[in-house]
Amino acid sequence: MPHASFPRNDHRSPSLAPATSYLDTLRHIQAHGLVPLHMPGHKRNPFLAPDLPFGLDVTEIEGSWDLHHPDAALRARLQDVARERGAAHSFYMTNGSTGGLLSAIHTLCPPETPVLLSRASHQSVYHGVELLRLHPFYLVPSRLASGINGPVAPEDVERALTEHADIRTVIITSPTFEGVVSDVKTIAALCHAHGARLLVDQAHGAHLRYFAPSLDAVAAGADIVVESLHKMLPALTPAALVHASRDVDPVELSRAISIFETSSPSHLILASIDCCLKWLEREGVHAHQESLAHWNEASALWHGEAGLQKIKHVKTDDPFKVVLSTRESDCNGPMLAQMMRTAGYEPEMVHPQSILALLSVADDFAMYPRFVEAIRTIDARLGRSTAPKPLLPPLPPLPRPALPLDVARRAKRIRLSLREARGHVAAETVWTYPPGIPLLLPGEPLDDAMVSHLLQLAKQGIPVRTEADPNGSVAPEVWCVSLEDLTPSL
């Protein structure tokens, strides 16, 4: 049965022989293809940089894939992926989960309609809100004892959908960057009971189904799931997938993807998606079990008398995410990260009071005991904190927007110090890490509670970040809407 979301494109030569990978197709074109009187301009000649795979980089020619107008071979491949992942329809993305999330929001949300979303959403979700002029209502995740973001609570979803009966789309992130998973099954059921559809940003969880399938958002009943292959699986950056249920119009989703995905997709990324998925079908479950067995054996040395004393291993739902907290030591996250680099290890992310290290099936398992020993050695050199460092102060109640997000971004604006900005309306996003939740969005007022919260963070030495100053400052300035532009709108 052809993939329902695409027009047929069977007049060209088949792009894929049965039982071959798309990489084989690109190799065949490299070895036996016609003289290229077409794009790309490097003409598969590696003279510029012999280490780069120019010879495999093609465009939509006879015998290659045309992602936006797939032939029977590519349609069959996409259907195989959907079947294997438990979706009705699946799509390849070569511009990451960012493109997938924008496409999904465009599909599910008519312009200028209400939407319920996690405040801890990726910035691309807010871009979708801005582009479609949506009216957002927010779910604020809890803060775990370790200081990282917790899950979205189903009761919060139920409450919001009851209070705002016209909401038809809910957007959550599961798992979080650190591996915290929400109860997607319950949330999906609540959404459907209220006539809404659920979009899950599973960018950091494409690997979940291979070792904890019950945590996978597709299996849990989400309507659209967007996941990055490149984050936790062996695929090139920024390979991603979009999965849709039978309740989503695949033609409309395909059209949205054509808007947000380049019309010149990278065939190298497509080949890496194809190789990754075919390998996962054969080895995905076993490879993840093997990785975890090796990691569990190595990390067992962290427990007991000779284990970690000052650095604490914070376990989340995803054992491939290793969070190491410094709250009980006399160092902080940046200091621990630098000591890790000196020992030969680069962490994924650094928080003021913790670091995040990622494991994957592509690791050399011999590295695990060496990494554990390096952390134990660092731990033994550290002193113990006289008292656990305080967690970041709790978030104040979210202020009610004074202007729509897109209007605030385009208004005349002025740059003010944080103290001067009290009573003004933000014209840019303000955030910190952790927890990574936008503290303030364009159009939201800098009321007394929010300004006091930001000043308290700065006093603790936590950089307050803005779009104009993404590295952050402990003496931040904020772009605000000019009062002369704001007054007529009020």
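## Charges over rings

Arg 209 sits over the face of Tyr 210, at 5.3 Å from the ring centre. Arg 413 likewise lies over the face of Trp 479, at 4.5 Å from the ring centre. A charge sits over a ring if NZ of Lys or CZ of Arg is within 6 Å of the ring centre and within 35 degrees of the ring normal.

This is a predicted model, in which local features need pLDDT of at least 70 and side-chain atom pairs count only at pLDDT 80 or more, while totals for chains, interfaces and linings use all residues. Residues are numbered from 1 along each chain as its sequence is written, and side-chain values use heavy atoms, with hydrogens and water left out.

## Aromatic pairs

Rings of Phe, Tyr and Trp (its six-membered ring) pair if their centres lie within 6.5 Å; planes under 30 degrees apart count as stacked, over 60 as edge-to-face and the rest as tilted. By this rule there are nine aromatic pairs. The rings of Trp 295 and Tyr 368 are edge-to-face because their centres are 5.4 Å apart and their planes stand at 80 degrees.

Tyr 368 is buried, with a relative accessible area of 0% (buried means under 20%, exposed over 50%, partly exposed in between, with a 1.4 Å probe and protein chains only). Tyr 368 also forms a tilted pair with Phe 365, 5.9 Å centre to centre with 40 degrees between the planes.

## The cluster

Ring pairs join Trp 295, Trp 302, Tyr 345, Phe 365, Tyr 368 and Phe 371 into a cluster.
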